[in-house]
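Take a look at the structure below.

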Amino acid sequence: FLVNMLGMKTCSVFLVLLCVSTSAFGGHVLVFPGEYSHWLNIRTIVDELVRRNHSVTLLVADASPSVNYNNSLDAAKFNFLVYKVPFSRSEFHQLTENLVHFSMYEYHAASYLERFRKMHAWTQAFLGYGLKQCESMLRNKQLMATLRDAAFHAVLLDPMAMCGDLVADVLGLPLIISLRFSFGAVLERHCGHVPAPPSYVPPPPLPYSDRMSFTERLVSVLTYAFTSAVTKLVWSWTLDGFYSEIKGSPSTMCETLGRADIWLMRNFWDMETPRPTLPNFKHVGGLHCKPAAPLPEDLEAFVQSSGEAGVVVVTFGSMVTNLTSERAEVFAAAFGRLPQKVVWRYRGEPPKALSANTKLLKWIPQNDLLGHPKTRAFVTHGGANGLYEALFHAVPLVGIPLFGDQPDNLARLVRLGIAVSLDFNHLTSDQLTEALDTVITQGSYRASMRRLSRIHRDQPATPLDTAVYWVEFVMRHGGAHLRPASHHLNWFQYHSMDVAGALLLLLLAAAVLCRAGVRCLLRGCRRQRRPKRD
């Protein structure tokens, strides 16, 4: 009847729309974004959630240096809940800049004592800011009441935003964690209960492969032990008391993070080596990667003017806003010798050695440049986001690690034959020119990168689709129900120490019984051999 009334074509459209409308699920997600590149990763997920008809609320401190909650376009897309903290955006950003500057220019020449002193001071400062954020959220009764009334379906958290897991626990909501890695893999091992045998799973950010020498395995074991002990001490002195106070019962930060239903790990088996994992750990490395869009007209004209030589793309990430003049001159001189054109993301006074083949821009469409057919190489600091974009578009690399996990990231790519790594503080113009010539002219680098790119793309679903699927899964079912039972065991039970103790007691009892039996048997034999007296 419906077909006769409306016609076949109209009816088909109606049925498709009906199916879509009945199957759509509009969930409500509370998001705790991190800062800098962490925000860019979370943003990719929440953009897709909004596109799929979900409502997204971002809980942001007013001092956030990365999340622009005053942007009218974002305000139309997301719900922003902004809370006040007792420090300014410039204070937080200045602390980060000081850390980056020390890591780039001073760390390599500093003594071990000076490194420890500086890192200890910065750790305390960041923890102090984090605790102030926690206090500002969880002791704000009006804010917590607003969150309770919002009827969220799930919480999406980057652990850089501290205490988001505690908010999820207080609200009784399922928790999804987005994470690249933690120092020494402490969060993954102790909170997520992922096995990490130190014999072939080196702790990040050690730049070791899964096939280590005896010395490397020794360092791996000691690093795991050291990071575990130090982190647990720091947590117990700073955060665990606050968690216990808010929850009203003895608790720890690790225990609360361990409630996570899903861990979205921003890595994949293209750059990682095989290792044990758990069913609630989903690997979504490269979730922000996408096909290249057309370049702006002026930039496209510059790229096309390179001819057959092509283009080199240069950037050192969002956290590095400038270079010292001495380092900038070294880079500019090296780029001036290249037959390629160079697009360099750079802020500050242009270097004196800058050549006509180099274009300086304060911001570049990095993904679109890397996906351009004329791009020949990528000069990068080794941040995970840029590496995955280069991998997605099959562009070989010259890596210049600056801090954090970047030496480890680039060491993996060097072993895979798709990158050359250089020392930032000691490289010369000749070395940089030679490295670029190597990765551009030696076909093995591009061939290896294309092979790895095919592996990365050969997945049943894109990393972004996988990430969003599991967020939706958790919202639909009130959790993923994939957490192992190990979370309900104490360390004594987890390592079967009680079983080992019981078996040891049984062995001791059996040994005692055997000894008693043998002694009894020997006594009986002696009595039989003893001669009778008249």
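## The open sheet

Six strands form an open sheet in the order β10-β9-β8-β11-β12-β13, with parallel pairing. Strands here are DSSP runs (E, at least two residues), numbered from the N terminus. Two of them pair if DSSP finds at least two bridges between them. The edge strands, β10 (358–361) and β13 (419–421), each pair on one side only. Strands of a sheet pair through backbone hydrogen bonds.

Look at β11 (residues 375–380) and β12 (residues 397–399). They run parallel and are joined by three bridges. F378 has L397 in β12 as its bridge partner.

## How the model is read

This is a predicted model: local features need pLDDT of at least 70, side-chain atom pairs count only at pLDDT 80 or more, and totals for chains, interfaces and linings use all residues. Residues are numbered from 1 along each chain as its sequence is written, and side-chain values use heavy atoms, leaving out hydrogens and water.

## Two domains

The domain assignment, automatic or from a database, gives domain 1 (28–288 + 478–486) and domain 2 (297–457). Their C-alpha centres lie 29 Å apart. The contact (heavy atoms within 4.5 Å) takes 30 residues from domain 1 and 31 residues from domain 2.

Together the domains bury about 2,500 Å². Buried area is the accessible area (1.4 Å probe) that two parts lose on being put together, summed over both. Carbon and sulfur atoms carry 59% of it.

## A helical span

UniProt, in an unreviewed entry, lists residues 499–522 as "transmembrane region"; such annotations may be inferred rather than shown by experiment. The span is 100% helix and 0% strand, with its end C-alpha atoms 34 Å apart. Helices are DSSP runs of H or I, at least four residues.
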